[in-house]
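Here is a quick tour for anyone opening this one for the first time. Take a look, then read on.

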Amino acid sequence: MDKPILPQVSPALAEKRRKRRLIRDKVVSWGVGTGGVSVIAVICLIFFYLMYVAMPLFSGASIEKVASYQSDVLSQGKTAHIAINEHGTLGARFTQLGQLQFFQLQDGKVLQQEFVAEGHALTSYSVSDAFKNTMAYGADDGSVVIMQPKFKVTFGQNDERIITPELVKPYGESVMVHEGLPVSVFNTRDGEEQMTIASVVHDQLYLTTLTKEVSFLDDSIELEASSETIALSHADIRQVLIGPEQRLLYLLDGEGSLLVYDISDPSDVPKPQVVLIGDGHQVERLQFLTGSLSLIVTNEKNQLSQWFIVRGEEGEHLTKIRTLEAGGGDITAVAPEARRKALVVADAKGYVSLVHTTAETVVLREQIADQSIQYLNISPRATVLFTQAETGTFYLHHIDNEHPEVSWKALWGKVWYESYSEPEYVWQSSSADNDFEPKLSLTPLSFGTLKAAFYAMLVAVPLAIFGAMYTAYFMAPKMRSVVKPTIEIMEALPTVVLGFLAGLWLAPLIEQYMPAIFSLLIVLPLSVLVFGYFWQRLPDSMQDIVPEGWHGLLLVPVILFVGYLAFALSHSIEGLFFAGDMRAWLTNDMGIDFDQRNALIIGIAMGFAVIPTIFSIAEDAIFSVPRHLTNGSLALGATTWHTMVNVVLPTASPGIFSGVMMGFGRAVGETMIVLMATGNTPIMDFNIFEGMRTLAANIAVEMPEAEVASTHFRVLFLAALVLFLFTFVLNTVAEVIRQRLRNKYGKM
Amino acid sequence: MSQLSLKGWLRSGSPWIWLNAAAVAMSLIAVIGLLGIIAVYGLGYFWPGQVASFEYKENGHTTQVIGEIHEREEVAISRLIEAGYALTDDGGNANRFLIRKGNRQQGADFGWVIEPYMSAVTYPENAAVVERYEWGNAYGFISGIKREGKAVPSTDLQEDLKPLLEKAEHLKAKIDAIEKDSLHSINYQLERLRLQERKWLLSKALTAERQEALASERSDLNAQMSGFDQTLSELRGRQGLDVLVLKLSSGQEIDVPLSVVVRVYYPNQLGVLGKFGFYFTKVWEFLSEDPREANTEGGIFPAIFGTVMMVILMSIFVTPFGVIAAVYLREYSKQGPLTRVIRIAVNNLAGVPSIVYGVFGLGFFVYFLGGSIDSLFFPESYPSPVFGTPGILWASLTLAILTVPVVIVATEEGLSRVPISVREGSLALGATKAETLWNVILPMSSPAMMTGLILAVARAAGEVAPLMLVGVVKLAPTLPLDGDLPFLHLDRKFMHLGFHIYDVGFQSPNVEAARPLVFATAFLLVLVIVILNLASITIRNNLREKYRSIGS
C-alpha cells in the first residue's frame, strides 16, 4: 500500500496527542487505583465502625475535678444529706440539726438557707428515700417532719434554663408518731396510696400509716392516720428501713443482725426473720440500691455486700447475693446511683470507687482528696459527684461513666439478678421504669443462634452432601445440567418468603401432622431402599427403560407417594399411639414443652436455605476430583460406591468441609427465617419443640427501639460485631481450604 | 446391572447410591414444591370463589350462613368432641371448613364450621359480594337501591346498580385526586415556606422584603387550599347520596353507601370467561393500586414502586464502584499475597449476615452521616431530622455495600475470561493500558458486569433484614418520587415487597384475611427474583460459549 490509511499528522501534533494519551492513561490508572482502594476501605470501614461503636462499652470510666473550695457556711453542723438536682448544678444540704442550705455546686455560694422544722426540738433525722431526696426529722415531742427539696425548671426568654429551689412538705408541718416520746430511730416510705412511718423507741416499734384519699371536690389529698405498736424481741435497734410497696421492714441491731418484718398488714405483723448480715461483725451502714429491692451492707471490716429477698421453696428469705470489692481503706461513705444498680464508695484515704453491682466490677478507683471523705453524693444522671472532706473542703467532680453495667461476666456469665431465685443467663434489655435492672447476657442469644444453626445443619448437611455426591458422580450429565441450577436457584430465594412459609404454612401443618413428619424419618429411607432392591430385581429389559444416572428421577414419585401416605395416615397413627393428639401427649405424658413455631420448623426452613450453599460447593469439589483417580480405582475392581467412599470422598473432603462451614456461616447469620418462624423468646433449652432467639433476630427486633449511644444500643452493635467476626473467620477458613484444594487438584 | 441377592446388593453399596439419589430427589421436590405452593396460593388469590349458602345448626340454633369456603381440613371426631362439639365418636374423621363470612362489623370475618352441623350447600345465583373500602367484604343479596333515603324503583337491580357505581367511582377518583395530589402538594409547599423562613431566621437573613414575599406566597397557598376545601366538601356532600341495600344471611338489611363500595360482583353467575375477566381485573388492581385496610386488601403498588426505586438507586451506586474495584484487583494491582487476601476478604463479605450491614447502615449512614448532613445543611428543620433518619438513600447505600462483593466477583470473573491474546494484541498495536481497558476489555466483559448487576439486584430485591433498620416502613404516605420539587425525595421512607410480606403476614390484625395477599406478594417477589437469576445464568452461559470460541 502506498497511501497510509490514516491521514498524516505533523510530528508536533502527534507528539501532543501522544502526551494527551499518556496523561489520560495515568489519570485512569490513578482513578482506578483510588476507586479500588476506596471500595476496599469501605469494606474495612464496616469492621472498624462496628468496633468504634462497641468499644466504649469496655473503655471504663474517668473522673475529672471541676472545682474544690473551702466553705465555712457549708461546714456548719454535720451533713445529713446533700440532694443534687438533675443537671448537677445545685445542691440542697440538710444538716443533722435541721438546717437546709440551697447552694451552687460550682462555687459553694449559698442561695438560701432556713431551718426546716422551726418550733420543733429535733432529736433525729432519716434519709427516707435517697433517690427521691425525701428527708425526715424526728422531734422530742414524738412528731416527724417530712420534706423534699425541689428544683423547679423554667425557661427564660432566650431559652436559658432557670432553676428555682424550693422546699416541699407533702405531709404538712408534722406528723405525730408517738405523743410525748422523743423520736430516735425511724424511717419513712412514701407510696401512691399510702405512707408509712416506722419508729423504734427502746423495744417498741410504732407503725404509723397515712392513707391518702383524693377528695372528689377539688383533687386535694386528705390523709387518714392509723397506728400500731409492736413489741420487739431485740433491743438496741440502730437503723430502720422500709422496703418498696411498704411491705417489708428492716430493723438493724447493734450486733449485725437484721430483723425482717412483713408489715403488709400492720395490725397483724408476723414474727420477724432474723438474718445475720454482718458476717459476724458489726454493721456500719445499711442502704438500698436503686429500686429498693437490694440492701447494701457495709460492715466494720469494710466489706460491702448485696442482699435481697429470694423466693425459694421454703418461702422468702433474705439472701446474700454477692460481696463487692471496693478496694482497701476504711469506708466512710456510700452513695447509690439513682438510675443504675451502681454505688459510689469513699474511704478514709480520699479514694473514690465506682462500683456496679450486677456487673460486679469496680469501674474506677481514684484518689480525689488527700484526706478522709466525710460525705458524698452523685447527681441523678450520675455525671456529677459532690464530695465533702473532713476539714470542710468540698470537691466537685465530673464523672464520665457511661456503661458500668457491662463486664465480661455480665455479658457471658451467670448473673444473679434482683428477684431471681438463682444466678441465670438472661437477656432482657429494656423496660419502662428506671428501677429496672438490665439483663444483658449474650449467652442465651448465642445459644439460640447455635441451636438454630445446629438444627438447620442437621437437616441440610446429609441432604446436601448426599445430593452433591449423587449429582457429581452418579448422575447423567444431561440431568445434572438441569438439577444443579435448579437447586442453586434456591439460594436466591428471598428468606422472607421462606420465613413466611415456615411460620404461617409449615408450622401449623407440622403441628397438625406431627406423627407424619416423624414416621417419614424412618419410613422414607426404608421405602427408598426397598424400591431400590426391587428395582434391581426387575428383569434387565425393564431396568434398561431408565438408563443409569437417571434413578434420582425414579424416586420422585416414590417419595411423593410415601409422603402422601404418611400424611394421610397421620391422624390414624396419632389415634393409635398418642391418644389422638401428639401435642398433648408430648406436653402431658413426656413433659416436653411445645411451641408451634419451634426449632424443628427452623431446622427445616433454614436447612432448606442452607442446602444450596453446601450443595454447590460440595458438588464442585466432588466433580473436580480428577477422573484418572476414579478410573484407576474402578479398574482395580472396586464398585462405584467403594470408589466414591475410598477415593473420591477423601480427596474432596476439604471442599465438602468448606461447604459445610459456609453453610454454617449462613445459618448463623440468617435473620428473617428465625424472626418469622420462632417465638423469639431468649430461652436456654435445647428442646427441638421450643423456639429460640438468635443474635441476628434480636438485633432486628430491638435495634429500631434502642436509644442511640445507650448501653443497649452498643451491646447490639457488639452482637453485630460478634456475628461479623464469627462468619468472617468461618468463611475465610473455608475459602483458604478451598483454594488449597484447588492447588492440589491442579498438581494431580 | 445383573440381579443380585439381598446380601450381595447390600455389599455392593448400591443402597447408599439409592439414598444419595433420594437426597437429590427430595431437594428437587422441596424446590419445585415450594415454588408450586407459592404459585398456587399466590395465583389463586385472585380467582373469584363461589359464594356458598347453607344452614348451620349449633346448640339447637339454626343460622343461615353465606360466605366463601376458604379452607377444608379433616379432623378426628374425637378432637372435635374435645373442642366442645356435640357429636358421637365413631372413630372417624369429619370435615371442617373455614368460611369467610365477611360483614366484619357484625363479628369475625372468618369462622370454622363442621360438616355434621351443616345442611346441604347451595350456591344461590344472585348472591353478591360487595367489596368495600372499610370493614372488608360483605356477602348477601342486593335487595334495593336508595337515593337520598328514598327507595329507587327498579326491575333489574344488578343492571341499575352499574351506572350508579360508575358514578360513585368517578366521584371518588375526583376526591382522591384533590386530597392526594393537590392538597398534599399545597401542604408540602407550606412546609417548605416554613422551613425557608426558619432558615433565614437562623442565618439572620430574614429581611422585611423576604418576610413579605413569604407572607404573600403563604396567603396564595391558603387561598388555593380553601378553594380545594370547598370543592371537596361539595363533592363529599354528593358522595353519600346513593346507597345500596344488602340483605345479609341473618335476614337483616344493611345500607351500604356506594362511596365505600369498591365493586359488586356475583361470583355464582360468572362463567369461566367472566371469571377470567374478573381475575385479570383483580391482578391489575393488585399491581396498580394502593393498599387498603392496614395493607390486607387492595394493591401493593407503593411496595413495588419502593422496591424498584431502591434497587435502581442501589444499582447506580454499586455498578461503578464494583466494576472499578474489580478492574483494580484484576488489571492494576500487583498480583501478590495482598491481592489474594483482599480477594478472599471481598469474597467473604458476601457471606457476612445481612443484618450486620443493616446495623452498620443505621449507625454509620443514618446516625453519623445523616446526622452530620442535618446539622450542616438543614439546621432549620431541627428537631425533626431530614437525613438523620432512615430513608431510601441510606437503604440503597446499605444494600450497595451489601451487594458490592457480588458485582466485584462477577466482573472479575468476566475480566479473567478475556483472553490474554486479545489484550496483548491491543497493547502491541500501541494502545495504552487505559485505551485497552476502555475499548477492548470492558466491552468484552460487559455481559459479566451485567450478570453481576443482575445478581446484585436479585439479592437486593429479596433482602429485608437490613432494610428494617435503614428505611423501610409498613405504610408510606408518599412515594419517594412525586410532582413536588425536587421530585426525587431521597430522605423519604419507602415500602418494600419483602417487608410487606413480613409485616402483613406477621403483624397484621387479620392474618387470616391477609394471608392470600401475602402469598400473592411472595409469588410476585419470587417470580421477579427467579427471572433475574435465570437471566444472569443465561448471560453467563452465553459469555462462556463466546470466550471458548475466542480462546481456542
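Chain B is split into domain 1 (51-139) and domain 2 (301-497), with the bounds coming from an automatic or database domain assignment. The centres of these two domains of chain B, taken over C-alpha atoms, lie 52 Å apart.

A word on the ground rules: this is a predicted model, where local features need pLDDT of at least 70, side-chain atom pairs count only at pLDDT 80 or more, and totals for chains, interfaces and linings use all residues. Residues are numbered from 1 along each chain as its sequence is written, chains are lettered from A in the order in which they are written, and side-chain values use heavy atoms, leaving out hydrogens and water.

Now for where the chains meet. Contact here means heavy atoms within 4.5 Å.

| Chain | Residues in the contact |
|---|---|
| chain B | 94 residues |
| chain A | 100 residues |

About 8600 Å² is buried between chain B and chain A, 78% of it from carbon and sulfur atoms; buried area is the accessible area (1.4 Å probe) that two parts lose on being put together, summed over both. The rule finds one salt bridge across this interface, where a salt bridge is a side-chain nitrogen of Lys or Arg within 4 Å of a carboxyl oxygen of Asp or Glu. Arg21(A) pairs with Glu435(B) in a salt bridge, with the closest N and O atoms 2.8 Å apart.

Chain B has a mean pLDDT of 85, with 98% of its residues at 70 or more; pLDDT is the predictor's confidence in each residue, from 0 to 100.
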